[in-house]
Amino acid sequence: MNKKVIARLAAVLSGTMLLTVFAYVNQNPDTNYDKNVTAIVAEEEPGTVSVQENETNPVTAAEENGDSEATEQAQTTENSESTESTEQSEAVDGQAVAEAQAQSDDVAADAPTESVDTEQNEFANTAIAQVDDYVNIRSEASEDGEILGKLYNNSIGTVNGEENGWYQITSGSVTGYVKSEYVVVGDAALIQSAGTRYATVNTTTLFVRSEPTTESKVIYMLPEGDDLVALDESNDGWVKVSTEAGEGYVSSEFVNMSTVYVEAESKAEEEARLAAEEAKRKAADAAAAAVTGSSSKSSGSSSSSSSSASSNGQAVVSYASQFLGNPYVYGGTSLTNGTDCSGFVMGVYAHFGVGLSHSSSSMRSAGYGVSVSDMQPGDIVCYSGHVGIYAGGGSIINAATESTGITYTNVNYAPILAVRRIF
């Protein structure tokens, strides 16, 4: 066996066996490599190789006896054995390469891979508007492009591409271009802060507890379909939520979790919304006028509409105030004998001919929306799991808790989710 064969065998061997082979060869350059390497293999793997210590070279023996025919046969045998040995060596070598490649693949599969930020960040292609009010979405990457819709502040969209300082985005039903300077892309913390995480009740009555245990006190209750703003989900099996009675915990088994983001509004959607809001406003004004005996009619101007809304809203507050001090009763709808928060708002507006759902979450879509800064008396103010009527002067009138009943509460006692105007 020559050094090439040893190298092939060495490639197969590993650990101390490999070191032993090379150490032996270097220290014994004149040794019969064939026999000693084989012996080492036999020692490392008992029974795998049969070693003959006193093997005689058949060619040499034939030549010494002067037998030419035997010599030729011996040479033929040696060549055959050499060829077979080479083929076996090549087979071993090929198998070793295959095994090494397989091991390399296994290591590569098992080894942790470094993920780039875009792979780790599920919001890598999400854009969020950072503007005072809204940015226009246009049909092309130019200010000459047709306006297709509006992306309001903190609204999000998916980035499809970039062109000359513009992003092509899809948000809601709108696909178009916005100037890149008005949006931020891939900022996970900013995007998540713009979304609202909700826990929607999926059982008949949800208990909100003071601590994340079933043994703790029930501080609030909500009916099926209502929702609460989730504050924290780190407690296994529990969700921390915000309620009228303060922060508490609900079992994750009885709520469905979702995140709500604001998306773009198309031009057609905006026109339809404004038309619907105007129709609701006129119908509400007519209903309020019938109850209050007001003869004033809206002229369609912003000033007269605002005056009418203020007058009708004040009438709502005056009517609601006569029930101050009456009890809070979960699930109740009686303004005198007991009602819960949504039942109170529903009952007050029913007096003015307006039908509302007995659900604080559904009231977030009643009437039409106005900004917090534009609140007027009579507006419905929506919170996490709670609702009240703005009374003016920074207060709401609401059926708060069992301990307070119907009372006044600071309008900013908790984050406001929506302000809806009926009149």
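1. Ser-155 sits in the loop between β3 (147–152) and β4 (156–163). Its relative accessibility is 0%, so Ser-155 counts as buried. Buried means under 20% relative accessible area, exposed over 50%, and partly exposed in between, with a 1.4 Å probe and protein chains only.

2. A word on the ground rules. This is a predicted model, in which local features need pLDDT of at least 70 and side-chain atom pairs count only at pLDDT 80 or more, while totals for chains, interfaces and linings use all residues. Residues are numbered from 1 along each chain as its sequence is written, and side-chain values use heavy atoms, with hydrogens and water left out.

3. Overall, the chain contains 10 helices and 23 strands. These are DSSP runs numbered from the N terminus: helices are H or I with at least four residues, strands E with at least two. Of the 423 residues in the chain, 39% are buried. Among contacts between residues at least 6 apart in sequence, 57% join residues at least 24 apart. The chain exposes about 22,900 Å², 46% of it supplied by carbon and sulfur atoms; the areas come from the Shrake-Rupley method with a 1.4 Å probe.

4. Now to the sheet I would look at next. It is open, has 6 strands in the order β18-β23-β19-β20-β21-β22, and its pairing is antiparallel. β18 (368–369) and β22 (405–410) stand at the edges with a single partner strand each, so one side of each has no neighbour in the sheet. Two strands pair if DSSP finds at least two bridges between them.

5. Strand β23 (residues 418–421) runs antiparallel to β18 and is joined to it by 2 bridges. Arg-420 in β23 is the bridge partner of Gly-369.

6. Which way do the residues of β23 point? Ala-418 and Arg-420 point one way and Val-419 and Arg-421 the other, and all are buried. In a regular strand, side chains alternate between the two faces of the sheet.

7. Finally, helix α10 (residues 341–350) lies across β19 (380–383), β20 (386–392), β21 (395–401) and β22. Helix α10 runs at about 50° to β20; axes are lines fitted to C-alpha atoms, for helices over the stretch in contact, and angles run from 0 to 180 degrees between N-to-C directions.

Methods
Contact = heavy atoms within 4.5 Å.
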